[in-house]
Amino acid sequence: MITALALFAMPVAIAAMIPGPAQTALVARVLSRGAGESLPFVLGMVAGNALWLAAAVFGLSALALAYEPVFVAVKWAGIAYLAILAWTLWRAPAAEPEAPPRRTGGILGGAALTLGNPKAVVFYGAVLPQVVDLTTLDAAGIAAVFAVQLGIDLTVQAAYVVGAARARSFFRSPRRLRLVNRSAAAMMAGSAALIASRG
């Protein structure tokens, strides 16, 4: 089981580190609003991945694919969420960095982006069964698989938050804050467009 978990951990770590729409939205949020409000969003992202992992572990991937309209609706909810955030950031005044962050989206926003990502379905539906024999998993094995996935996912997303928070400290003047708000808006709009273009 340890070998299987190690084999599972490698692609999970690589997939988590590769920036996608959710990571882009996370970095944009931290750059524009600070790291203070990022925890709910990160928890939503991790919860979305955990739900796809649960679907794979319990053999529900095929069921999820059978209900494609629900999947498509979640995908478009994530796109709408990104588009609204992009518009809000683009029009936001350049507030002082010490101003309290506006709380938007949070857990539901992070979860919608992850649940609406086709890459997650393919990854957990295709990769996990290749490295872990799901038919022989007992309760301890299932707990170990979830522990590996959650630990890696939280660690990687925390690294994104820390990196973006450090970069944000550079933006002290209103002019620079306006630049970062508009850059974050462009990143979110680009993520929305990228998700919308995928089948």
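**Burial first**

For my notes, buried means under 20% relative accessible area, exposed over 50%, and partly exposed in between, with a 1.4 Å probe and protein chains only. I looked up Thr114 with that in mind: its relative accessibility is 6%, so Thr114 counts as buried. Thr114 lies in helix 6, residues 107-115. (Helices are DSSP runs of H or I with at least four residues, strands are runs of E with at least two, and both are numbered from the N terminus.)

**What I am looking at**

This is a predicted model, where local features need pLDDT of at least 70 and side-chain atom pairs count only at pLDDT 80 or more, while totals for chains, interfaces and linings use all residues. Residues are numbered from 1 along each chain as its sequence is written, and side-chain values use heavy atoms, with hydrogens and water left out.

**Whole chain**

I got nine helices and zero strands for the protein chain. Read along the sequence, that gives α-α-α-α-α-α-α-α-α. Of the 199 residues in the chain, 44% are buried. I also checked contacts (heavy atoms within 4.5 Å). Among those with a separation of 6 or more, 88% are between residues 24 or more positions apart. The chain exposes about 10,000 Å², and carbon and sulfur atoms supply 72% of that. Accessible areas here are Shrake-Rupley values with a 1.4 Å probe, and for residues only the protein chains shown count as cover.

**Back to helix 6**

What does Thr114 touch, leaving aside its neighbours within four places in sequence? I found Met45, Gly48, Asn49, Trp52 and Ala120. Gly110 is in helix 6 too, and at 0% relative accessibility Gly110 counts as buried. With neighbours within four places again left aside, Gly110 is in contact with Phe41, Gly44 and Met45. I noted one C-alpha pair as well: Gly110 and Ala47 are 63 residues apart along the chain, with 8.4 Å between those atoms.

**Helix 2 and the glycine after it**

I checked the length of helix 2 (residues 21-33). Its 13 residues at 1.5 Å a residue should span 18 Å, and its end C-alpha atoms are 18 Å apart, which agrees; the expected span is 1.5 Å times one less than the number of residues. Why do I call helix 2 largely enclosed by the rest of the structure? Because 12 of its 13 residues are buried. Among them are Pro21, Gln23, Arg29, Ser32 and Arg33.

Gly34 follows helix 2 and has a positive phi, near 95 degrees. I place Gly34 in the loop between helix 2 and helix 3. Its relative accessible area is 9%, so Gly34 is buried. Apart from neighbours within four places in sequence, Gly34 is in contact with Arg29 and Arg168. Gly34 and Arg166 are 132 residues apart along the chain, and their C-alpha atoms are separated by 9.7 Å.

**The core**

By nonpolar core I mean a set of buried Ala, Val, Leu, Ile, Met, Phe, Trp, Tyr and Cys residues joined through side-chain atoms within 4.5 Å. Which of the 38 residues in the largest core touch the most other members? They are Phe8, Leu26, Leu53, Tyr124, Val145 and Phe146. At least two core residues come from each of helix 1 (2-17), helix 2, helix 3, helix 7 (118-131), helix 8 (139-168) and helix 9 (174-197). Helix 3 gives the most, with 11 residues.

**On the surface**

I found a nonpolar patch made of Leu39, Leu43, Ile107 and Leu154, with about 350 Å² of accessible area together. Patch members have over 30% relative accessible area and no salt bridge; like charges are joined within 9 Å, and nonpolar side chains (Val, Leu, Ile, Met, Phe, Trp, Tyr) within 5 Å. A salt bridge is a side-chain nitrogen of Lys or Arg within 4 Å of a carboxyl oxygen of Asp or Glu. Leu39 sits in helix 3, residues 38-57. At 53% relative accessibility, Leu39 counts as exposed.

Last entry: Ile14, in helix 1. Ile14 has 48% relative accessibility, so I put it down as partly exposed.
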